[in-house]
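Visitor: I would like to learn how to read cavities and a ligand site in a model. Can you take me through one?

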Amino acid sequence: MKVLGACPLDCPDGCSWVVDVEDGVAVGLRGNKAHPVTRGALCVKVNRYLEQLKSDERITFPMRRVGRKGEGRFERITWDEALDEIATRLHGVVAEHGGEAIWPFHGTGSLGYIQGLEGFSGRRFFNVLGASLHDPTICSVAGTLGVKYTLGTSGGMDPEDFVHSKLILLWGTNPLSSGHHGWKFIQDSGAYTVAIDPVRSRTAERCDEHLAPLPGTDAALALGLMHVIVSMGAQDDAFIAEHTVGWDEFRTRIAEFTPDRVAEITGLPVERIVALGERIARTRPTAIRASQGMQRHAGGGMALRALACLPGVTGDWAIPGGGLHYSTSGHFDLNTAGLVRFDLLPHPVRTLSMTRLGEGLLETEGPPVKALFVIAANPVGSNPDQRGVRRGLAREDLFTVVLEHFPTDTVDYADIVLPATMQPEHLDVLAAYGNLYLVWNEPAVPPPGECRSTTETFRQLARRMGLTEPALYDSDEELAAQLLKGHDLDRLRREGFLKVSPRPVPVDKVRFVSDRAAMAGHDPLPAYIPPADPGDGLVLISAASHYFLNTTFGNNPELRRRAGDPMVTLHPDDAAARGIADGDRITVANDRGSFEAIAEVSDRVRPGVAATPKGRWAKHSGGSTVNATVAERDSDFGGGAVFHDNRVRITPRVAAARLDAVAAGID
Ligand SMILES: Nc1nc2c(c(=O)[nH]1)N[C@H]1C(S)=C(S)[C@@H](COP(=O)(O)OP(=O)(O)OC[C@H]3O[C@@H](n4cnc5c(=O)[nH]c(N)nc54)[C@H](O)[C@@H]3O)O[C@H]1N2
Ligand SMILES: Nc1nc2c(c(=O)[nH]1)N[C@H]1C(S)=C(S)[C@@H](COP(=O)(O)OP(=O)(O)OC[C@H]3O[C@@H](n4cnc5c(=O)[nH]c(N)nc54)[C@H](O)[C@@H]3O)O[C@H]1N2
Ligand SMILES: [Mo]
């Protein structure tokens with residue numbers, strides 16, 4: 001039997017897949033050939049999904065902590081015992097501290113609207129209890145707002161339109177690792193491609209040209225390119241007059257960013273900036289593909305805002321194959337309000353920011369967080385300030401419930417662990433964020449052991465707590481029907497995917513001057529906001545690993561083997577200055593924390609920059625990972641995370657050990 005499903009991972013591609021089932025067992029998993037983006041292929045990670053599904057490491061029954069928090073020692077308990085204990089603890093927390101003392105902490109382990117997605121699944125239950133809201137700030141919010149302020153929607157170009165593009169800028173994006181199905185549209189276009197990335201990524205290797213600016217300087221570069229275009233008189237005056245707001249003010253701002261000044265800010269040769277500006281000026285249509293990586297900086301929101309303005313100056317927004325593709329989420333018309341039902345909240349409640357978990361657990365204002373639910377998230381591995389997160393999770397008076405597949409670094413801190421279903425074991429529906437397809441996931445096989453889906457877990461818990469709100473007991477199919485109101489659910493279910501029609505972009509006009517940005521307290525014009533991490537170390541970028549998906553798959557033996565040891569790449573000049581050779585053991589540190597790695601000396605990174613892939617498990621890596629060095633600091637818009645705005649000191653490990661010895665007086 002073949003069952004149509006959908007990849008749940010946090011990746012722009014939103015693939016449709018086919019599960020081969022024999023006697024109730026999943027024996028094969030393939031990309032759906034009919035899906036225009038998947039085109040029959042999965043990826044290096046998801047090719048191993050069934051290994052994960054059947055892994056001996058899978059958590060298949062509820063557990064209660066018996067060791068200290070963080071130790072990861074548990075005993076098996078029954079679902080009845082687990083539900084009783086959770087219900088009793090939650091009643092107690094609500095009675096003593098109010099519902100806001102509960103934090104439902106959702107991650108991006110599954111992008112399914114029914115079982116996962118950053119706060120949708122289980123939210124009805126938390127609404128009835130009056131729990132705090134969870135703001136999923138960890139991934140894309142700064143850029144999303146930057147685009148929204150400019151275009152009135154976060155939805156950009158349909159990547160299938162790249163086929164018409166003549167020039168494509170791959171700006172702070174690495175699709176060959178972080179969403180390879182999107183690359184095909186770029187390749188098929190035959191366009192001239194330019195990568196803009198401090199690191200010569202797999203994608204940059206394949207482009208016609210590569211510019212490596214200093215991290216966090218993209219807004220300045222974009223303004224500088226517009227300076228070149230305007231100096232040539234190549235702006236599209238007709239488009240500007242009809243479809244934009246605030247040109248006179250913006251033109252003055254652009255004039256401030258001369259190629260010389262931009263060369264100084266970005267560390268790029270002035271000739272390269274001028275040459276790229278001239279190329280854009282004479283090439284219609286020009287498309288920009290930018291993604292989340294480049295906005296993990298102090299000025300990440302402004303960077304995307306500046307990028308969204310560029311096609312407004314050239315008029316590309318009016319031409320098929322021109323414009324900006326950051327995310328397509330804004331194009332989906334889904335009834336999320338009907339799914340999540342914030343109307344069930346007894347009163348307005350506070351919002352807690354995902355990226356501020358350490359602070360939220362240790363020093364939040366208002367009622368202290370007394371109960372934490374971690375759903376499809378692994379904050380010890382994926383959040384900034386690993387040490388702070390660990391200290392928060394170690395609080396003895398905090399009651400932590402983790403719904404998981406695997407014994408992650410976060411599971412080690414749980415009071416109760418609940419076994420969760422994986423994608424072929426539950427129903428779900430997803431909307432891609434890198435194309436315009438809805439995808440349906442039909443359950444294909446029964447869950448192993450006592451695993452339950454997120455929705456079933458919260459239905460059971462609601463019953464155990466005696467909650468009477470009928471909406472808490474809707475079935476998964478009812479939830480899907482409510483979410484998809486107005487869409488052809490039967491067709492989606494039958495065919496596995498459905499393309500939605502794009503909404504107009506920009507909505508109304510391109511806002512060079514944005515009232516919404518001004519109302520939120522920002523410069524109404526696109527501006528350059530420099531990196532904010534103080535110190536004079538190297539800037540450490542920790543972007544997507546080719547082999548892991550955030551920390552998901554971080555425990556897969558074959559993918560760990562292929563990824564090798566945790567590596568940090570640094571430029572030969574920076575390595576020499578520190579007495580570091582290729583293959584040396586190194587310590588990477590700053591005032592927040594440290595981790596150990598192996599040095600890779602290569603000119604893949606520009607001087608001043610180091611790079612390491614994200615996604616390692618701390619328990620496999622000597623107890624800490626790159627996120628021990630990352631600050632819990634907000635980007636400019638929306639409180640986004642600043643993973644790549646991170647300065648570190650890199651030293652040979654032997655020398656570090658010797659320094660400790662000297663300090664201890666034993667050398
Ligand atoms: N294999 C794999 N795929 C993934 C993920 C994964 O972990 N592994 N993660 C998924 C998730 S959650 C997301 S959000 C997406 C993210 O997808 P991408 O946006 O592609 O993600 P990153 O790899 O973080 O960043 C892309 C590139 O931006 C560069 N970059 C960093 N800082 C700057 C800067 O200041 N300026 C410029 N111009 N470039 C910069 C990095 O060097 C990197 O090569 O990918 C998804 N896909
Ligand atoms: N240094 C650094 N850190 C980063 C980033 C970076 O660029 N650099 N990127 C950040 C980004 S973009 C993101 S999106 C975050 C992601 O951070 P998280 O949301 O914490 O994502 P993961 O680390 O993949 O952990 C997801 C967990 O969910 C579990 N899971 C998957 N599906 C289900 C399900 O259906 N039910 C349940 N109960 N559990 C499930 C998986 O087993 C996995 O352990 O990481 C961020 N961390
Ligand atoms: Mo993400």
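Predicted model: local features only at pLDDT ≥ 70, side-chain atom pairs only at ≥ 80, totals over all residues.

Visitor: How many cavities of 30 Å³ or more does the search find?

Guide: A cavity is a set of points, on a 1 Å grid over the protein atoms alone, where a 1.4 Å probe fits but cannot get out. Points are joined across faces, edges and corners, and the volume is the space filled by probe spheres set on them. Here the whole structure has 4 cavities of 30 Å³ or more.

Visitor: Which residues line the largest cavity?

Guide: Lining residues have an atom within 4 Å of a point. The largest cavity has 17, and G122, R124, T455, L472 and L479 are the closest to its centre. Helices are DSSP runs (H or I, at least four residues), numbered from the N terminus. α3 (123–129) and α18 (454–464) each supply at least two lining residues.

Visitor: What classes of residue make up that lining?

Guide: Ala, Val, Leu, Ile, Met, Phe, Trp, Tyr, Cys and Pro count as nonpolar; Asp, Glu, Lys and Arg as charged; the others, Gly among them, as polar. The lining of the largest cavity has 10 nonpolar, 3 polar and 4 charged residues. The second largest cavity holds about 90 Å³. Its lining has 6 nonpolar, 7 polar and 2 charged residues.

Visitor: Which residues come nearest to ligand 2?

Guide: A residue is near a molecule if one of its heavy atoms lies within 4 Å of it. Ligand 2 has 30 residues around it; S382, E404, T551, T552 and N627 come nearest.

Visitor: Where are its polar contacts to backbone atoms?

Guide: A polar contact is a pair of N or O atoms within 3.5 Å. A nitrogen atom of ligand 2 is 2.9 Å from a polar backbone atom of L403. A ligand nitrogen is also 2.8 Å from a polar backbone atom of S542.

How values were computed: Residues numbered from 1 in each chain as written. Chains lettered and ligands numbered in written order. Heavy atoms only, no water. 1 Å grid on protein atoms, 1.4 Å probe; cavity = no way out; pocket = protein on both sides within 12 Å on 5 of 7 lines; lining within 4 Å. Polar contact = N/O pair within 3.5 Å; in protein donor to acceptor, adjacent residues only side chain to side chain.
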